[in-house]
Amino acid sequence: MKILALGAHPDDIEIFMFGTMAAYAAQGAELVFAIATDGAKGGRGDPGPLARARREEAAVAADLLGATSHFLDFPDGALTADAALIAALKALIGEVKPDLAITHAPNDYHGDHRALSDGVRIAASFAVPVLHADTLGGTGFSPTHYVDISGYFDLKAMAIRAHQSQDPERFVDAARTQNAFRAGQCNGAAGSFAEAFRFEPVFPFADIRALLPPAPALRPVTVSTRTVK
């Protein structure tokens, strides 16, 4: 299987979907990471050196899973789902020929995220189903699918920390909270983690469960065994 992960900025794949990418890697899937913008506005100082540093950080994170990286290099903070973006995404999808594309939710917090989501949806057309990752903080997001990343959260944290220019511990902490909460939605065991996704069926893609790594295991809901006297 070949999976195309698309993030608007150099650390987005790591924050929103890296645990799932690690689960795919464990299954032997081929991973391709695509980053839409140059990330030049993700900090203070000269944008040129920052963009170069962020590209290097993204490459280090991708190497943790042996993923192939593509950098589209659109200007950070100005992404729009225009003809240029859609053409670039169509070309990428045509080159990679993925079985599944995963990108941001259309209602995520950042304008670049929303623009990329719209662009991927249009570019994918009949070529590939599109799965949307959780939003920042889970705001306004109703999952349809979950992936158990309990065995991969440490690797996800390592990938986030590869982005040293971004003060990464804040994102590690946020991901730990959100992924623990998503596991709790599935009645996951204490200490488990899950990433959440939403799939909107679009003809001819109606059901993608066979394309996903395992969800958290189902556990019975039991009543207390204590006797009250």
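The model is a predicted one.

**Second largest pocket.** I listed its lining: R121, A124, S125, V128, P129, V130, H132, F199, E200, V202 and F205. Its volume is about 180 Å³. I noted that α4 (111–124) and β5 (130–133) each supply at least two of the lining residues. By class I found seven nonpolar, two polar and two charged residues.

**Largest pocket.** I read a volume of about 250 Å³. Its lining has 16 residues, and H9, D11, Y109, H110 and Q166 lie nearest the centre. α1 (12–26) and α6 (169–185) are the elements that give two or more residues to this lining. α1 gives the most, with three. The classes are five nonpolar, five polar and six charged.

**Salt bridges.** I got a count of 10.

E30 and K2 meet at 3.9 Å, N to O. E30 sits in strand β2 and K2 in strand β1, so the pair ties together parts 28 residues apart in sequence. E30 is partly exposed at 42% relative accessibility, and K2 is partly exposed at 21%.

D134 pairs with R182, with the closest N and O atoms 2.8 Å apart. D134 is in the loop between β5 and β6, R182 in helix α6, 48 residues away. Both are buried.

E195 pairs with K156 at 2.7 Å between the closest N and O atoms. Strand β7 holds E195 and helix α5 holds K156, so parts 39 residues apart in sequence are tied together. I read 1% relative accessibility for E195, which counts as buried. K156 is buried too, at 0%.

Note on methods:
Residues numbered from 1 in each chain as written. Predicted model: local features only at pLDDT ≥ 70, side-chain atom pairs only at ≥ 80, totals over all residues. Heavy atoms only, no water. 1 Å grid on protein atoms, 1.4 Å probe; cavity = no way out; pocket = protein on both sides within 12 Å on 5 of 7 lines; lining within 4 Å. Points joined across faces, edges and corners; volume = space filled by probe spheres on them. Helix = DSSP H or I, 4+ residues; strand = E, 2+ residues; numbered from the N terminus. Nonpolar A, V, L, I, M, F, W, Y, C, P; charged D, E, K, R; others polar. Salt bridge = Lys/Arg side-chain N within 4 Å of Asp/Glu carboxyl O. Buried < 20%, exposed > 50% of the residue type's maximum accessible area, 1.4 Å probe, protein only.
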